[in-house]
Every structure is written in C-alpha cells, then in structure tokens.
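Reader: Could you take me through a single part of this structure in detail? I would like to see how its pieces are arranged.

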Amino acid sequence: MLLTLTTTHRPATDLGHLLHKHPERAQSFSTSSGTAHVFYPRADEEECTVALLLEVDPVALVRGPGSTLTQYVNDRPYVANSLLTVALGSVFRTAMNGRSESREELAGTPIPLAVRIPVLPHRLVERLFTPLGWTADITPIALDEHGDSRYADVTLTGTLTLSDALKHLYVLLPVLDGSKHYYVAEDEVDKLLRAGEGWLGGHPDCELITTRYLMRRRPLVQSALSRLADVDEVEPEELDNALAEPRVSLAVQRREVVVAQLKEAGARRVLDLGCGGGALLRALLAEPGFTEIHGVDVSAQALHVAARKLGVDRMGDRQRARLTLRQSSLTYADPELAGYDAAVLMEVVEHLDPVRLPALEHSVFVVARPRTVLVTTPNVEYNELFETLPAGQFRHSDHRFEWTRAEFRTWADGVAQRRGYAVRHLPVGPADADRGAPTQLAVFTLGDDD
Amino acid sequence: MELKIPDLCLVVLVGASGSGKSTFARKHFLPTQVLSSDYFRGLVADDENDQSASGAAFDVLHYVAGKRLHAGRTTVVDATNVQRADRAHLVGLARAHNVLPVAIVLDAPEEVCLARNASRPDRDFGPHVVRRHRAALRKSLKFLAKEGFKRVHVLRTQSEVDDAVIVPERLLNDLRHESGPFDVIGDVHGCRAELEELLVALGYDLVRDDEGRAVDAVPPVGRRAAFVGDLVDRGPDTPGVLRLVMGMVENGHAFAVCGNHEQKLVRALRGRGVQVKHGLAESLAQLAAEPEEFRARAERFCDGLVAHYVLDGGALVLAHAGLPERFHGRASARVRSFALYGDTTGETDEYGLPVRYPWANEYRGKATVLYGHTPIPDVEWVNNTMCLDTGVVFGGKLTALRYPEREVVSVAAHEIWYEPVRPLVEATPEREPDVLALSDVTGRRVIDTAHRGRIAVRPEQAASALEVMSRFAIDPHALLYLPPTMAPTATSQRPDVLEHPEDAFAEYRDAGVREVICEEKHMGSRAVVLVREDSGAVHTRTGRPFFDGALADEFLARVRASVTDAGLWDRFDTDWLLLDAELLPWNAKAAGLIKDQYAPVGAAAVGALTAASDVLARTRDRGVDVADLLARTTSRLSNATGYRDAYQKYCRPTDGLTGVRLAPFQLLAARGRTFHDRDHLWHLDVLSTLRGEVFTRTRHLVVDTTDEVRVAEGVRWWEELTGAGGEGMVVKPLANLTRGRRGLVQPGIKVRGREYLRIVYGPDYTEPENLVRLRRRALGAKRSLALREYALGLEALERAARDEPLWRVHECVFAVLALESEPVDPRL
C-alpha cells in the first residue's frame, strides 16, 4: 500500500528536514506491520513529494487454521488501513509529534500539502476530512463489470502543519477502512487521544470517529468520549447522544406485549423458541411469575452470547434454577420442549424458508404443544413507512419472507385449524390506518376440549 | 433342585446375615452380575460394614442395577432384603425397566448363620441382628408373590442350597429362534371369508371339517402365518375365524399375538363387567350359538395369547398396537398395555375416539415392527414399522405382509360389515411428514458405514451443523446426499508450481491403481441434482438451494425432460435419480462472493501496485536506487493482473437460467441401487445420453499410471487445459470405488492449475519465497476427512436406494456437514 505527500512550500525540499528523511536516498525500515520504504519521486525547490510504500508479507499475514478463504485472499496488502498507519506512526513519529531540530519554526507553520492515497475506502472521506480544512479529490475505482468498488484514488489538499496532517491520516485512515489488524485494547484510547489532541474534540463527527477507531467497543468508546469532554470542557451527554437510550423501540414494545400476553394467559413455564441473544429472556427473568424459562436457539454462538449477557455464571441459585439455555432446532422434533404452558416465537418464522414451515409447525404445535403459542412477525405492508428501508427490501437480510397481514392470517388460521388451537391476531407498535402496525402478533390457544 | 428364572430378570436374594447369599451368588452367577450391598458400602465409605453408609450404598447399587436392566442384563442383588420396603424398591426398579423380579430366599437356620458370622472377624455384631433378620424374613415369606415377585424360590436346608441349579427360561414373548419366513396378517375382525381368501392367495391349503368349516390352513413349505391380533368382534363370523386360527396355531402353522378385542372378549366370556360395545355384542351373539365346549376353547385360546412376540433373532417384532424398542422382549403390565392398546395421549378426536401417540414416527429401532389396531386405507412403511390393519371389517381390505420379502398381499372386503365411527379414508388424508428428531443428529454420534466402519461425529461438530442444516439447507426429504470434500494432490517439488499431475499419477500407481481417469474441473460450483417424476432439488455441497422456487422448478423440468427423453426411468427401473455434477458458470452461485471478495481484491491490488510502480519509476529516473523494490513491485503488479484474469475467466453473464450449464459426471443412485461399482467411463457414457441446451460435457482422458508415455500424455493434457485458463482436473481411479492395501483409496485427487491457484493462495503465491513456505502445507487432515465423508456419502446413498427411513439417510448427510466444520486449511 502506498501514500505520497507533496508540498509546494519553498524551498519544498525542507520536507526532508521535517520528516528527517533524506530526499536523495531510498530508505527501508522494518516495522511491526511490514517493511516500510521511504523515497522521493520528486525533490526540488518548487515541489517535493515523499512516498511511503509498505510491503506486507501476504503469506505471513495470516497464521493458524482459518475458517474461510477470505482470510487468505483479501485486500489487506493493498488498501490504506491500520497496517499503513502503524508504519506511518513509526517512520514519521517525530514529524507527527511536531518536532524538528533543523526546522523548528516550519514544523509549527501551516504549509500547502497534497496527500495522495491510491486505494482508499472513500465513503466517508469528504465528511471526515473537509471539517479539518482538507479538500478531497476522489476518483472511484471500477470493479470490472460490477460497477464501482468501495475504493477510490483520493487526493487531499490543504494548508496545514505537517504534524496535523499526519495525525489526521493516522486516525482517519483506519476509521475509513472500518477495521484493524490487531486487537483493540485499552491503550488504543490513549493513542486516539494523543493523535486527536487539538482537533478531534471539535470535529462534528467526533463520536463516529471515536466509535469506528475503537472498533465499536462500547466501554472504550465511552471512556474516550468522557475524556475528550474533560479536555474540551463539554458535557459528555452532548457528545454521547447516540449512546443514550433511544425512545421506546419497536423491539421493546414487542417484548412488552409478549410478556403481557403471557401473563394474561397465566403461563408460568415458558419457552422462548429462537431466543437469540436473550433480550426476551431478560424480560421474562424480571417477572417472578415465570417459574421456568427455557430458551432455545439453533445457534450455539447466540446461546453463548445470551449466557454472557444474562450473566448466567453470576446468577444466584434460585434465579439460575429458573433458566434453561439449550441448543435446539425448530425443524427437528425435540421432546424436551413438551410440557410447557406457553411458547414464544418472536421474530423467528420469517428466518425459515417457507418449505420448512410445516416442520416448525410440527415441532411447536404437535411435539411441544403448549397451551399458548405467541408468534410475532413483521407486517410487510408497513415497510414503506420506514424511511431508511429501500422499497422492496426486507427488514433483515436473513428474512426469507415478510408477510402481509392477510398472509400471516392464512398461515396462522391453517395451523390453528389443523392443530386444534384457537387464534387471535393483535397489532404491535404504532398502527397506521391503512397499513396496520409494524409487527403482527398471533396468539394461539389450545382448544378447551383438549 | 431346579430354580427356574426368566432369562432376563432381576434376582433378589433374601436371607439373614450369614445365610450364605454371597456364596450362593458366586456359585451361580457371573461376578459382574452380582451387586452386593457390602461391596457398595465399601465403594462409598471404604468399609463394607459401615452401616451408616447404607443409604448412599443402596443409592449407587440401585443406579448400577438400573443401568444393567436398561441394557437388558440379568442382575442379582446380594443384600439381606428381609425388609418389605427394601424389596419394594427393587420390585419397582424391575418394573421401571419392564423386567421380571424373582426372589430366591435362603432360609438357613439361625445357628448356621451365627456360626458363619463368628468365623468372620469383620462381622462382630451380636446374635440379636441375625435373630431380627430371621424374624423379619419369616414374616415376609408368604407375601413375596403378592409383592410382585414373578417367581419365589425358598431354600430351607443346606442340602437344598447345595443341590440348587439355576435354569434360565425363555420369556413367553421370546421366539427369536423362529426365523420365518412369515406371512403376517392384519386385523381380521371376524371376516372369515376374506381370511380364507387371503390364505389361499398366500398359497395356504385350507383344511375343512365334516361340516365344511375351515379348521386349519397348511402353509407352503417352510412358511408360517402370524396374526397381529383383533381376530374377533364386529365382523360376521368371529367363531369361524377363531376356529380356523386356533387350528392353525395348535398345529404349529401360525402364531398369534393378543389384540385388545381378544382381551375384552375373555373378560366378557368370564362374565366380568365390560361395556358391550365396539362390536363385542356381535361376537357374544355368534358365540352363544356355538356349543359350550367351543366357547371354553375360544376363551382358553384368547386368554393364552401373548401380547407381543420377538422373532427372527430379534429382527421382527409383532404387537397388536405396535411397540417401541425399549419394550421389545420385555415383560411388564406396561409393556402388555402398550402392545394391546398403544399409547394414547389422553386427547380425543372429533369422533370421540382416543388420539393415539404416533410412536412409529419416533421409532428408531433395528427390528421391523408389524402391527395393526388403527385402521388405515393403505399400508406404508414408517421408520421400519408397518400397520397392517386396512379395515376389512369397515369395507377396506385384509392385508398380509410377506416377511422377509416385504411383499404386500391384500384381498378386498366383500362388503362393509360394520359402519366405522370415523371414516376409513379421511376427507383430507394428511399424514405427518417423516419427522426427524433432534436426537437423530445431536450429541456424539457414531455411524456404521459399509465401506469404512464406524465414523464418529463430535458433539461440537454436530452443534455447528445443526445451525447450518436448520437455517440454510433444503428440506431433508430432498437432501439425500452431500458430496465429500476432495483432497489435492501431494505438493509438487517442482520450483514453479504447487500442484502437478505427476504426483497424483504416482500416488495412485503406488496404491496399486493402474488405470485412472482425468476429468476436467469446470470451475463451476458442485451441484447435486435429485430428479423425481414430479419434484426434485438442486443443491450445493452444503445443502443450500441453487435457485429460488420458480427457477428451480424450471431447471428441474429441463433436466427431467432430458431424463425422460434418454429413457433413464425405464433403463434403471426407477422414479428418481440422483446426479453428481458441476453447475456453471461459477458466478451463477458465487456472484456475491466475486463482487464482495475476488473483484475488490483485484481492483485494490491493481490500483495500488500501478500507483506504486509509477512513483518508483519516477524515483529511479531521478537517479535514486530503487531497482530491487521496483522489480518486486512490477512483478507483483503482473501477479495481480494474473489474479484478475484468473477469476474473470470463470465468470459469464447469466440471466435466469440462460447461460446456466450442468455438467453431470456421476450417476449417484436410483430406487433400489447405487452405482459406485460402475467405472467412470460408464457414468460419463450414461450421462452423455442426457441431451439439451442445459447440459455440457466433461472432457476426460484415461491414463495408465504404469506407462510413462501415457503419464506424459496426462501431464500434457493438464498443461493444455490449465494453459487455456482451465481450473485443473480431478484424477480418479477408473474403476470408481477402489480398495487398496490400506483400505479405501481416495475417490479423487484434484490437480489445480498454476494460474487458478492465485485466487486460492493469493496473487503473489508464485513468488519463489512464498512457494517455499506454502509447500509446507499439510494434507493429512484433509485426506482423512475426504475418506470419511466419502464413506458417509456412500452410506447415505445406499440407505436412500434401499428406501430406508428418512432419519437413517439424514444422519449420514448430517454427519458429512458436521465433519465439514473440522478446521482444515480451506485452501486445500
């Protein structure tokens, strides 16, 4: 990967002094991310360009057994990313800190600069660099017959101190790329604050930058934001608006309605079929009336997450005894699910191909056969009221279908009739006069003669 | 003195301390059969006489006894057992496992017990203990039978003890020594005329008495009839049926198990209070017209019927209402009740009839179970079980199954003899699909394969496959096979390539395989196509569908039409075919992968390296020495371009099915047969009869691995193929399934082209310093995986071809997917 930096400050060759790298020599440095080469394609009075070329060993990039080929053949050696900024921070450290023995004054003076990065994920380039005084010239790179790629050949121009320019690049290149080649730990906050000193706190997208730089690790992001607020004497809430609890979301409303319906049905022993990360389980555990809560999911990974989020290892014995977490699948008959009062399938059926629904029906309504079954699913009629959802697109990429109210009713009525249940339909969320509520709920109740 | 005990039972020894129980147990049973309370006290407390440990010791003893009984092993409990409560616990344990409890009492005189204890230094308790034991024992003796012990043997003197011989007896239900063949006949319900007709159809000679009444039927040589119960009630001639069947049973021409109607008839004939309904009234009226002697004989016969039989070495079980495996060959009231009435759920259906638990859906046993009890319009196999009650008395038919031929023979009812409460043919006949159970696939599993023995699947492998199978795979009813992974050839030692055909040829030659076939790799996606006459599926090597609904139907319709035109239905006498194929072009399936993975890497690489070459050239022109770096960068740019060319070669525009091609290379299975015993030329020849735009051929070359000239030809063929941009080739033993000196040989070895491998190992893999490192790749895990998956795949095919229950096929298919979660270098 490559980055060049050009100045037209006179004499332009002072760039060599600022960087502590001689313009007439090509130098190589071994850094933790590869061999960094520094050389000057042009160095004269009018214009001086330094090039930083990082050679990454693609074979050594990945070690150990990988799960997919994407680990082996990828864009990491070519795209400006954290590998490059680690080299940048190492090779140009003194300049980045704003020090220069031979050109001390110049180091603190804004000079005309042009930075070219030939392959850079460009979606956020203007948004992040413009507020810092850069002008971006973006030439998208084509993806053979597949249209444009997410990369562009980008040239940034502006008049800044070299130190600021390098700090901007150091922070923002990984932010643009959205990933890091190493594990982001506590010390990453310090690195960010050091490189962001003087500009990050005032950046309109400070929070976005912080979040992406710290790889969305919440505790780190919060720590960074509050420290930034300290420095800049602003209230953290002002910076932290995205982290505050949003208005009562649809997911919360759905949980509330489900819990209310379970209570109304008098259920005490409850199945959460497709419990995922355990959001509903948490709500159920908060209600002492539910004496046994059995969460199953087909994904072992989801169950690990649920166990961690619910703090299963730290639960008291009584609370722990109420909860069972188990891997199961709704397309296989699982006798362990029999004998419960109620089962909840919250936003589950739409993750199954329609041809597999009879298997689910059998598992839930024949094998498990609780007195009450709650099924929620999106109402596709409502989708056009979601501003951010492109027309014709489902709400989740794994949804195999989304039903209209009539379609859901047809399925639910069929199941009820075949399996001896009665069914009621309820809206969940703010209802639109024409399109109904965003979520639809069916409440199945086993016939009394059973 | 002979002590008869059932050959599977729980023997409870009863006797005071010092009465000689342990000695007796040692003499008559295996050491592992005997569970002694002393021993278990030692296990939990380090002291065999620590009475305070008795509670824990018996807990463990009962646990071990339970495990043994569950496994069907006769077990002897060596403890005093003089207290009723202790015995009750053991009787309960025996019943819980449907095993008969037997008591053997050693009622030795007090002085003998005391003398024995005195000789043992560890038994220093006083004489009052023995006295107390004996008192409790004497009080118990006459109640033992009432407590539930099936047999009670009391040995009163030392000579009785010395002379005792244990004689195991077969259980009444144990007819394992009867190996058939049998003609198993469904519920007759007094339909004598139809029964006579069926017996004649089965080749039996009816024997009639002076009045012309059938009193016996002589089977064809070697065969025997077997009735699954409900001979009586509802129909026009219950006495006639009984006369015939009783004669057959008494003359050794038939077996019969008891049905619920026989059970009830006996009670009615004995004047017990029973509700006279469900056709009992007809039987009683008909029997009333018979002489008393006949009624008594009928009552004795029905009363003597056994509730279920285990036949043919355990391979066949007959029970009127069916029987789950855990009850086979067991004896208890619960087993009898299930065999007669089945397992009702407690619910009733819209006709007020009890809803029966569908035990057969869950049946996973090895034995074939034949039963009746629930009238159905037509017989069908459900998990190796078949209900033979086709409702003759309701106007259906009377059905027999020839065993082991599995041939169905039926005769139609002469009329509707009895109006059914529930219509025999439901208005909307709806059967639960073959239901797969979670326990069919999860946990540690071991699958017996015909070609590579037992193959294990670890629980964590099953767990990850469960998610993939549940969320992404097609319906298991159409997922009969997943192809095995394929190992690449041993790594070449040539300086410029990683894989070369000469290593593949050498490997097969060394394994003793002389003739191999080279088949071109199409650089498509592996596809398995199931064509049925009215449905089918086309799926990937992980069981995902290739196309969405309508497109899949259209694709299958085209394949089906070609199969029909080629006459393959008749040629293989089948209504389904399973094809192993590649589906082209690559982007038909992998468009997302290309757009998100391969193309961006190409674009980024070419962009970055072009810019780098450019600035380096300008730097060189200024006289700065960057020659080495420039040379390296230029070389990498050319690698990047090569990478881009490589993946672009495998992409072609498609629109719906336009441009999509199928290259079938193996016929996997059809009804009743598999084809891995046919050589690959046969396969390619058969498949070449499939004509139509959708098909494309697989180029191939046969190579004699022992002939240098032919080997050189094979190498040249590969060079031409890959030189023109081809992916590479697969080398297979020409004969197909091949065993070498060390078991199965690899069914195929892939040899991929030098340029193709750029998209696998990265654009720069051909740089010498990279090749040196990549050459250290380890193939062992991949090769072992390939063979295990191959054997599992063959097993799935053979089971599917034999029309085995879905779960039997699915466990193999699932296991292939589970093994795929093993962490193996994905570049291989």
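Author: In this predicted model, Val531(B) stands opposite Gly536(B), a residue of strand S28 of chain B. Strand S27 of chain B, residues 525–532, is joined to S28(B) by 4 bridges, and these two strands run antiparallel.

Both strands belong to an open sheet of 5 strands in chain B, with the order S28-S27-S29-S30-S31 and antiparallel pairing. The edges of the sheet are formed by S28(B), residues 536–539, and S31(B), residues 673–674. Each of these has a single partner strand, so one side of each has no neighbour in the sheet.

For another kind of packing, turn to chain A. Two packed helices are described by the angle between their axes and the distance between the axes. The axes of helix H3, residues 82–91, and helix H7, residues 162–177, both of chain A, come within 8 Å and cross at roughly 165°. Because of this angle, H3(A) is roughly antiparallel to H7(A). The crossing of H3(A) past H7(A) is left-handed. On the H3(A) side, the contact is made by Ser82(A), Leu84(A), Thr85(A), Leu88(A) and Gly89(A). H7(A) contributes Leu166(A), Leu169(A), Tyr170(A), Leu173(A), Pro174(A) and Asp177(A). Sorted by type, the residues of this contact are 7 nonpolar, 3 polar and 1 charged.

How values were computed. Residues numbered from 1 in each chain as written. Chains lettered and ligands numbered in written order. Predicted model: local features only at pLDDT ≥ 70, side-chain atom pairs only at ≥ 80, totals over all residues. Axes fitted to C-alpha atoms, helices over the stretch in contact; angles between N-to-C directions. Parallel < 35°, antiparallel > 145°, perpendicular 65-115°, else oblique. Left-handed = near helix turned anticlockwise from the far one by under 90°. Contact = placed C-beta atoms within 7 Å. Nonpolar A, V, L, I, M, F, W, Y, C, P; charged D, E, K, R; others polar. Pairing = 2+ DSSP bridges.
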